[in-house]
Amino acid sequence: MKQWKQTLSSLIHPLIALLIGFLAGAIAISVTGTPILQAYQEMWTGAFGNLYFLTSTLARSTPIILLGLGISLAFRSGYFNLGAEGQMVLGAVAAALTALYMPGSGIVKLLAAMAAGMIAGGLWSLLAAWMDAKFKVNLLISTLLLNYIASLFAGYLVTEPFKDTTGSAALAQSRMIEQGAWLPKLFAGMSLHAGFVLAVVIAILLTLLLRYTVFGYELKITGQNPLFAAYGGVNRTRVMILCMLTSGALAGLAGTVEVLGSQYRYIDGSLTAPGYAWTGLMATLLANSNPLGTTIAAVFLAALQTGAMGLERNTNVPLEISSVIQAALILFISARFTYSFLKRRKEEKNNGATV
Amino acid sequence: METILEMERITKKYGQFTANQEISFALREGEIHAIVGENGAGKTTLMRILYGMEQPTSGTIRIHGAEKRFANPAEAIDSGIGMVHQHFMLFPSRTIAENIVIGNEPRKSIWFDRKQAIAQVGALAERFRLPIAPGQKVGDCPLGTQQRVEILKVLYNGAKIIILDEPTAVLTPLEVKELLITLRGLAEQGKSIILITHKLHEVMEVADRITVLRNGRVTGQLEASQTTVEEVSRLMVGRELDGIRRETQQAGQPLLQVNRLFIRGKKGKPLLDHVSFHVRSGEIVGIAGISGNGQSELVQALTGLLPVDEGTVLLQGKEITNRSVKQIREAGLAHIPEDRYLWGTAKEASVKDNAIMGHHRLKEFQRGGILRQRKLDQLVTGWINSFAIKTSSLANKAQNLSGGNLQKVIVAREIGHATPFLLACEPTRGVDIGAMEFIHQQLMDKRNRGEAVLLVSSELSEIMTLSDRILVMFEGKVVGELNAETATEEQISLLMAGGKQP
């Protein structure tokens, strides 16, 4: 009963945020002259209306889920990983190149590419963690800035040494991976691929990790009060290193499944332009870093985007309506985030005065 | 004596919860009236109502017989009520005079008249015999002086009724003595004083009358001269307190040996200056000292939270100097931290998650990295029963527990480690009398089992009740060792303030 009540109260805030988001969207829609209800109905159809739309929503959500899970793991341990984008891009390019140049059968290439993608993302994140542990470089800043290096480096790889020269168009992209190394599609003719299943399984695994393991316990406590963790003998540096490594590996995996499951090559800018990493961050914030909640929020945010595409096809409301709703969401959620941050700061100050 | 203030049948409800239930009390002119009660008894709520920070659900306030209603503190101040808060509200970078006159500054046309301010404040301090230097910066003053500034601020605003909220919590024993003398002086000059506290010895020393609150009700109104500490504490707690008895017991072998521990400070003054002592099995060694004289650093060094520059620490003959917290704990140390919110708990986490810290690593409670939840639940439920911890469930967040209950969780956890050595820091700070007695008994039981306890406390009475030997720290050094049987409070106070051992 008590627990049920707690779960419910933790849902109230995101639900209010959603309501306000849709309210803001309604105002924007009414400006275009389209009836509001009709517009939202079109949006729903565009996102979930039939198997095709449903599977494309889920396909779009796949990298967002994985990114969100990685970010939430870091958040739960009290560390910021704003570098998911760079980790994802490096993972993607590493996976693409491994699948292209690894000798062996298709399945060997596939597995090697997935491993390479996770390792690349993980190591990139580890670099920031190491700088924090060794030189006290603030993670918030280092992870954010490492994004630029990663994106530009990946861009360089596919414009210079590994550029696809077979096609007629002079795009900055790698060659296409052979079909044997692709992630299988879940339904013939639909875009949804095995990466989605992987993402859901990982979400469940993370939930179990947090709830039932020694490491999960130490991670949560480190996030809730690092001094208490230190006092209790938890090795915080180890927790941070492991969390950042996993967080980066999941971001790398997000890039990997996009390459192996839907694009079959690394195309410069194809992962950064849709803002997957930032949508993943939003899913995490919306779900307060709960892995299963993050998964649901990621699907929702993906649906918002695919739904808006449907809306644009059938009415004169432009695609950008999803940005309006998202922006209102961000505003509201970050308000809470800032509020709790300020509250904590204030409490720390008060506690300091009592001593 | 004339009655200056009456609070009649004051009731304050927060939803279902009744913080004050028909509380009536009268304050006479020129008396010191103590309001005592455990945490949560309703003292603070009652004073917030009087000071206009809260509105009563029902009941009336009369000053000199005239009914008053205070919508905010400014109106209360206008009626001659002043409050000295527990946490000082001063600007450390400004002078004493500036802090006192703020809000009501003397002016020369539109300019602030600093000379006049200093003169007025000086005269005020002279009149009420509160020695201060008006031109000094508040940040440079010791806490005792800062408190005098707070009192002067209230007097400057023309207060006839002065409320002091736990005024001695932050003071050294000598400063406490001075404060009590000051309060008597103010009362003699016709000021009426309401003293909120839970330190009964101070109450008996200074108060004329005592109102005791328990669970939001008045359980007694007494003349201080006709009552005893025992009677007041019985009214506060609602039952007889047994008191702690220390049976004589032969101490065993040294269990903890600290040799010339040294930590360099940032400003050239060492934080720990070659500290040496030992704790034997079957004894409690108390470390007395005013906060900030190296006790925190000593504790952090012993527990592995702060690296030391020189010296060694041996626990059960094994060197643990500069080892990790985990290694030191495995070597046989448990630790009740001095600040339960900062170090001792994660308040967002559940009671269970807070209680299992350290235990979660033991073979008994995990298998291959998977926690054995059922066994952990049993462990914590056992403590909740045996320590009488009030919580709605294991999943309840720690921040919902009262200070005393949370402290019991910490004590249960650390005593539950069943280590040969326990480092107990401020084990009863901010805890009510009932919980305090319970925790003291736990520490005493541990000693009687032949285990060793190092007790670090700024509460002298705690040190004197529990310890077999007493060490006094001053400016990072151990400046004296006393036998608890023969030591007097005066001796210890003197050493704490940096005096020589007599």
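**Note on the predicted two-chain model**

1. B:Arg69 sits in the loop between strand 5 (66–68) and helix 2 (73–78) of chain B. Helices (H or I, at least four residues) and strands (E, at least two) are DSSP runs, numbered from the N terminus. B:Arg69 is exposed, at 55% relative accessibility. The classes are these: buried is under 20% relative accessible area, exposed is over 50%, and partly exposed is in between (1.4 Å probe, protein chains only). Leaving aside residues up to four places away in sequence, B:Arg69 touches B:Gln55, B:Gly59 and B:Glu75. Contact here means heavy atoms within 4.5 Å. B:Leu90 is 21 residues from B:Arg69 along the chain, and their C-alpha atoms are 28 Å apart.

2. Basis of the model. This is a predicted model, in which local features need pLDDT of at least 70 and side-chain atom pairs count only at pLDDT 80 or more, while totals for chains, interfaces and linings use all residues. Residues are numbered from 1 along each chain as its sequence is written, chains are lettered from A and ligands numbered from 1 in the order in which they are written, and side-chain values use heavy atoms, with hydrogens and water left out.

3. Confidence. The model has an ipTM of 0.83 and a pTM of 0.78. Chain B has a mean pLDDT of 89, with 99% of its residues at 70 or more. pLDDT is the predictor's confidence in each residue, from 0 to 100. Where pLDDT is low, the predicted coordinates should not be read in detail.

4. The six-stranded sheet of chain B. This open sheet has the strand order 6-9-10-3-11-12 and mixed pairing. Strand 6 (81–84) and strand 12 (217–223) of chain B are the edges; each has a single partner strand, so one side of each lacks a neighbour in the sheet. From one strand to the next, the twist averages 20°. Two strands pair if DSSP finds at least two bridges between them. Strand 6 of chain B runs parallel to strand 9 (residues 161–165) of chain B, with four bridges joining them. B:Met83 stands opposite B:Ile163 in strand 9 of chain B.

5. Helices across that sheet. Helix 6 (residues 173–188) of chain B lies across strand 3 (32–37), strand 9 and strand 10 (192–197) of chain B, at about 150° to strand 10. Helix 8 (residues 229–237) of chain B lies across strand 3, strand 11 (209–214) and strand 12 of chain B, at about 30° to strand 11. Axes are lines fitted to C-alpha atoms, for helices over the stretch in contact, and angles run from 0 to 180 degrees between N-to-C directions.

6. The four-stranded sheet of chain B. The order is 14-13-16-17 in an open sheet with antiparallel pairing. Strand 14 (272–280) and strand 17 (318–319) of chain B are its edges; each has a single partner strand, so one side of each has no neighbour in the sheet. Five bridges pair strand 13 (residues 254–263) of chain B with strand 16 (residues 310–315) of chain B in the antiparallel sense. B:Leu256 has B:Leu315 in strand 16 of chain B as its bridge partner. Helix 9 (residues 295–303) of chain B lies across strand 13, strand 14 and strand 16 of chain B, at about 120° to strand 13.

7. A hairpin in chain B. Strand 23 (residues 469–474) and strand 24 (residues 477–483) of chain B run antiparallel, joined by six bridges. B:Val472 has B:Gly480 in strand 24 of chain B as its bridge partner. Two residues lie between the strands of this hairpin, and B:Glu475 in the turn has a positive phi of about 45°.

8. Aromatic pairs. Over all chains, the structure holds 10 aromatic pairs. The ring centres of A:Phe22 and A:Tyr40 are 5.2 Å apart and the planes are at 85°, so this pair is edge-to-face. A:Phe22 belongs to helix 1 (residues 2–32) of chain A and A:Tyr40 to helix 2 (residues 36–48) of chain A, so the pair ties together parts 18 residues apart in sequence. Rings of Phe, Tyr and Trp (its six-membered ring) pair if their centres lie within 6.5 Å; planes under 30 degrees apart count as stacked, over 60 as edge-to-face and the rest as tilted. A:Phe22 is partly exposed, at 28% relative accessible area. A:Tyr40 is buried, at 17% relative accessibility. Ring pairs link A:Phe22, A:Tyr40 and A:Phe300 into a cluster.

9. Charges over rings. B:Arg329 lies over the face of A:Tyr231, 4.8 Å from the ring centre. B:Lys408 lies over the face of B:Phe438, at 5.4 Å from the ring centre. The criterion is NZ of Lys or CZ of Arg within 6 Å of the ring centre and within 35 degrees of the ring normal.

10. A:Leu11. This residue lies in helix 1 of chain A. A:Leu11 is partly exposed, at 44% relative accessibility. A:Ala287 is 276 residues from A:Leu11 along the chain, yet their C-alpha atoms are separated by 8.3 Å.
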